[in-house]
Amino acid sequence: MKFFVDTADVDAIRELNDLGMVDGVTTNPSLILKSGRDILEVTKEICSFVSGPVSAEVVALKADEMIAEGRKLAEIAPNIAVKVPLTWDGLKTCKVLSDEGHMVNVTLCFSANQALLAAKAGATFISPFIGRLDDINLDGMDLIADIRAIYDNYGFETQILAASIRTANHVAQCALVGADVMTAPPSVIKSLANHVLTDKGLDQFMKDWAKTGQKII
Ligand code: E4P
């Protein structure tokens, strides 16, 4: 499963990228707001050191305007994935931009039928939002499994990009049900290394090592 980092915080992306943990990046209007940066400028900076797909989201709601915005975003770098919402206008935009050879990430997906439409419109990525479904007491992971089954039934090549990942458990579950990609905030990716028994075991090793009186260097 590929790891995308869900942020427009350049320093956080760099830190994880240096560790080889970044296969791509996703941003959205809320993350651009949080960064306090200009969308074109920050996206260009991210693309200067991330070689995988970098999603940048259109903000128009009508297809013709979305297409124009998408083309402008795609000019930033060859690894831009234009992010469009799962509306009819977004699907029209997806079809046009995909046919032009651009990567398209269809976002705000909350149902298997929506994912089916995105695949038929030629999406490179479909982004089902796990955490936001969990927020309203629906099972986000069931949606990932349903989309996996549907795409496999018909050989769709659209990649399932599990989004709105909030916990380490979400990451493991996404890998188990076969998401192609997961995108998570840097804090969640870092938390994957945590385990209470690792901390406990290391603490014991350090205490015992101190008793040996030895040094390695
Ligand atoms: C995905 O592309 C979105 O940017 C993101 O995962 C949304 O996550 P949230 O529901 O935690 O805001």
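Q: In which kind of crossing, left-handed or right-handed, does H4 pass H5?
A: In this predicted model, H4 passes H5 in a right-handed crossing. The contact is made by residues that include Ala 63, Met 66 and Ile 67 of H4 and Thr 93, Val 96 and Leu 97 of H5.

Q: Why are H4 and H5 called oblique to each other?
A: H4 and H5 pack at an angle of about 45 degrees, with their axes 9 Å apart. Angles under 35 degrees count as roughly parallel and those from 65 to 115 as roughly perpendicular, and the angle here is about 45 degrees, so H4 and H5 are oblique to each other.

Q: What makes the buried residues of H4 line one face of the helix?
A: The buried residues of H4 are Ala 63, Met 66, Ile 67, Gly 70, Leu 73 and Ala 74. Seen down the axis of H4, these buried residues fall within an arc of 125 degrees, so they line one face of the helix. What covers them includes helix H3, strand E3, strand E4 and helix H5.

Q: Why are H6 and H8 called oblique to each other?
A: The axes of helix H6 (residues 112-120) and helix H8 (residues 140-154) come within 9 Å and cross at roughly 40 degrees. Because the cut-off for roughly parallel is under 35 degrees and roughly perpendicular begins at 65, H6 and H8 are oblique to each other. Their crossing is right-handed, and among the residues that make the contact are Leu 116 of H6 and Ile 147 of H8.

Definitions and conventions. Residues numbered from 1 in each chain as written. Predicted model: local features only at pLDDT ≥ 70, side-chain atom pairs only at ≥ 80, totals over all residues. Heavy atoms only, no water. Buried < 20%, exposed > 50% of the residue type's maximum accessible area, 1.4 Å probe, protein only. Helix = DSSP H or I, 4+ residues; strand = E, 2+ residues; numbered from the N terminus. Arc of directions from axis to C-beta. Contact = heavy atoms within 4.5 Å. Axes fitted to C-alpha atoms, helices over the stretch in contact; angles between N-to-C directions. Parallel < 35°, antiparallel > 145°, perpendicular 65-115°, else oblique. Left-handed = near helix turned anticlockwise from the far one by under 90°.
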